[in-house]
Amino acid sequence: MKRRQFIQQSTAATALVGLGGLGLQSFSATAKKITILHTNDVHSHIDPFGPDDGRNANKGGVARRATLVDSIRKENPNTLLLDAGDIFQGTPYFNYYGGELEFKLMSMLKYDLATIGNHDFDNGIDGLYAQLPHADFEFVSANYDFSNTVMDTHVKPYKIFVKDGIKIGIFGLGIQLEGLVDKNMYKETVYNSPIEIAQDMSRILKEEQSCDLVICLSHIGYNYKKYPDRVSDLNLARATKDIDLIIGGHTHTFLPKPTIEKNSAGKNVLVNQVGAYGLYLGKIDFYFEPGKDVKADGASIIV
Amino acid sequence: MTIKHILKLCLLLLIFSCNNDSHLTKIEGKRLDIDENIATNQTIEDFIKPYRESVNKNLDSVISYAPDTYSKSDGELNTAIGNLMADAVYDEGNIVFNKRTGKNIDFVLLNHGGIRAIISKGNITPRTAYEVMPFENSVVVVALKGEQVLQMMTYLSKAKRAHPVSRQLQLTLNKNGDVSSATVNGEPINKEKAYYVASNDYLYNGGDRMTFFHPNDSLYVLDYKIRNVLIDYFKKKDTLNPKRDNRFIQLNN
C-alpha cells in the first residue's frame, strides 16, 4: 500500500515536471460523481395507488419512476439503478403473469442489478428461473448457494461496475429462507450466514479488486426491535468494514433519510431503505475528488 | 525515445494517476417521492396498458351473484361468509384430495382473521376472491388424532371467535363457554380415530396460535391456493346463498 502510494506520487511528480503548469488545471477538472438509485420491496406495484387508497393515494407507479430515473441519468450518466429484492407478489399482475411484466419493466428502466428477496420464490425457484429471460439486468447474492438448483450460474455473488473510472463493487445478501418460505419453493437453495459472507465479500472487493466503492444490496431487513441480535442491516454495518453503503429491503422500513452507522473500524457506513411498493426512489451521490486528503472517519455525509 | 514520446508517456501517467488518486470526499443521500407531480413516461405506460386491460377484464368478469352483503362480523361464533369459505375449501379441496389419496376430508378449519374483506351484494368477480383472500395461502390436509381434534375444540371454545369451520363439524358450547358437544359428520369425536382436517398452510405452521396441528401422522399439500378455491367455487354457483347456521354455537342455558 505504502509502496503504491509512493509510486503514484512519484509518477505524478514526473508528469508535472514533464508538462509544467498544465497539470494542476487538469486535475481540478476530474472531480467525479457517482449516483446510486435504489428501490426495494416493490411487490409488483406497477400502477400507482388509486385516488381512494387509504394510505398511499396517488403515490408510486413504474411509469413515473421511469421519468424520474431518466431525468437523473440525463443529469449524471454515471448512475446505477439497483433493487434490493421482493420484486414479486402483491398485485394481480404477479398472479396473472408470474413476474414477466415486473422484469420487462425493470429492463426498460435499465436497472443495473438486483438481489433476491424471499417473495421472489413465491412461484418456486422454477418460477423465478422461468422469468430470467425477461430480465436484462443481473442478480447478485453472495450468501445463497444455488449450486444444486436451476438458478446455478445465474446468480453471482457480486458484480463490479466501472463508471467514469470509479470501480464500484456490489454484492448481494438474502434472508434466511427456512420458516419464511416453503421448502418446496426454495428447494436446495442453501442459506449462509450474512455477516461472515459480507466480511469476506468486502475484503475481496476492497483489497483484491481495489474497488473505490463497496455496496451491499441486502434483503435481510433493516433491524428487528424485538430481536436486536438477529442479523440485520444495522448489525451488518457494525460488524463489517470497507462497506460504504448498505441498501436494504424486507422490513418495508420507510427511512426519511439514510442512517449513518459506525463500522467495526470506526468509519461511517450508510444504510438506506425506501419502504415498499415503489412509493419512493432512494438517491445517494458519491463525490470523488483527486488527491484530496479525507478525514479519518471518511467522507463528509449530507443526509 | 523522443521528447514527444516522453510527453505522451507523461500524459498517460497523469491520467492514470488521476484516476487512482480519486478520493471519496462527500456523500449526499436523499429520498425522492414518486407521486402525481412526476409525469408519466408514455412508452412505459403504453407497454403496461395491454397487460392492465387483460388483467382487469379477467378480474371483473362476472362469475356469480351475491344476493346480500356478507361480513365476518355478522355473527359471534359463525358467519355466513366464514361458512361459505370453509365449505368452499371442503367442496373444492376434497375433489383434489380424494383424487390423490382416495380418502375424504373430514372437516375444514380456517381463521376468522383470514377473511380480509366483505362480499358485497351484487356481481361476484375474481376480484372479489382477491379482496377476500389477498394472501397466497394454500390448502393443506393434516391427519390428526381424535385427541388433537378435541384440543382444537377446546381452542375454539376459548377463542370464542367465528373461526370458519365446514358444515361437517358441529360444536356446541354450554353457557359457561365449555365444549358441551362436538361431532364430525354426526358422530362424536373419537380420541383414537384419525381425522383428515383441511386448513391453510399459515395455520398449519402455527398461525393464530393454532398449535394442535403438530405432531401429526401426515401432511398433504394440495398446491391449491385458497383464492383459487374461491374462484372455482364461485364459478360453479349462479347465486351464492351462504347462511349463518348452527355449526358453532353457544347455549344460553
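Modeller: Let us begin with helix 5 of chain A, residues 100-108, whose buried residues are L101(A), E102(A), F103(A), L105(A) and M106(A). Please bear in mind that this is a predicted model.

Colleague: What covers the buried residues of helix 5 of chain A?

Modeller: The cover includes helix 3 (62-75), strand 2 (79-83), helix 4 (92-97) and helix 6 (124-131) of chain A, together with helix 2 (42-59) of chain B. After helix 5 of chain A comes K110(A), with a positive phi near 60°.

**Confidence and overall composition**

Colleague: What is the mean pLDDT of chain A?

Modeller: The mean pLDDT of chain A is 90, and 88% of its residues reach 70 or more. Over residues 1-28 of chain A, however, the pLDDT is below 50, and this stretch has 23 contacts in the model beyond near neighbours in sequence.

Colleague: How is chain A divided into domains?

Modeller: Domain 1 covers 1-27 and domain 2 covers 31-288. The C-alpha centres of these two domains of chain A lie 39 Å apart. Over residues 35-253 the chain is 29% helix and 20% strand.

Colleague: How many helices and strands has chain A?

Modeller: Chain A has nine helices and 15 strands. Of its 303 residues, 48% are buried.

**Strand 2 and the sheet**

Colleague: Why is strand 2 of chain A described as largely enclosed by the rest of the structure?

Modeller: Five of its five residues are buried, so strand 2 of chain A is largely enclosed by the rest of the structure. T79(A), L81(A) and D83(A) point one way from this strand, while L80(A) and L82(A) point the other way.

Colleague: What joins strand 2 of chain A to strand 1 of chain A?

Modeller: Five bridges join strand 2 of chain A to strand 1 (residues 32-39) of chain A, and the two run parallel. Within this pairing, T35(A) stands opposite T79(A). Strand 2 of chain A also pairs in the parallel sense with strand 3 (residues 113-114) of chain A, over two bridges. There, D83(A) has A114(A) as its bridge partner.

Colleague: In what order do the eight strands of the open sheet stand?

Modeller: The order is 6(A)-4(A)-3(A)-2(A)-1(A)-14(A)-1(B)-15(A), with mixed pairing.

Colleague: What makes strand 6 and strand 15 of chain A edge strands?

Modeller: Strand 6 (155-156) and strand 15 (300-302) of chain A each have a single partner strand, so one side of each is left without a neighbour in the sheet.

**The nonpolar cores**

Colleague: Which residues touch the most other members of the largest nonpolar core?

Modeller: In this core of 82 residues, they are L82(A), V140(A), I215(A), L217(A) and I246(A). Leaving out residues up to four places away in sequence, I215(A) touches I36(A), I168(A), I170(A), D244(A), L245(A) and I247(A).

**Buried and exposed loop residues**

Colleague: How do you know whether T189(A) is buried or exposed?

Modeller: A residue is buried when 20 or more other C-beta atoms lie within 10 Å of its own. T189(A) has 22 C-beta neighbours inside 10 Å, and therefore counts as buried. The residue is found in the loop between helix 7 (183-186) and strand 9 (190-191) of chain A. Beyond four places in sequence, its contacts are I125(A), Y144(A), F146(A), T149(A) and L177(A).

Colleague: Why does Y277(A) count as buried?

Modeller: Y277(A) has 24 C-beta neighbours inside 10 Å, and therefore counts as buried. This residue, in the loop between strand 13 (268-272) and strand 14 (280-290) of chain A, has a positive phi near 65°.

Colleague: Why does N185(B) count as exposed?

Modeller: The cut-off for exposed is 12 or fewer such neighbours. N185(B) has 11 C-beta neighbours inside 10 Å, and therefore counts as exposed. Its phi is also positive, near 50°, and its place is in the loop between strand 7 (179-184) and strand 8 of chain B.

Note on methods:
Residues numbered from 1 in each chain as written. Chains lettered and ligands numbered in written order. Predicted model: local features only at pLDDT ≥ 70, side-chain atom pairs only at ≥ 80, totals over all residues. Helix = DSSP H or I, 4+ residues; strand = E, 2+ residues; numbered from the N terminus. Contact = placed C-beta atoms within 7 Å. Core = buried A, V, L, I, M, F, W, Y, C linked by C-beta atoms within 7 Å. Domains from an automatic or database assignment. pLDDT = per-residue confidence, 0-100. Pairing = 2+ DSSP bridges.
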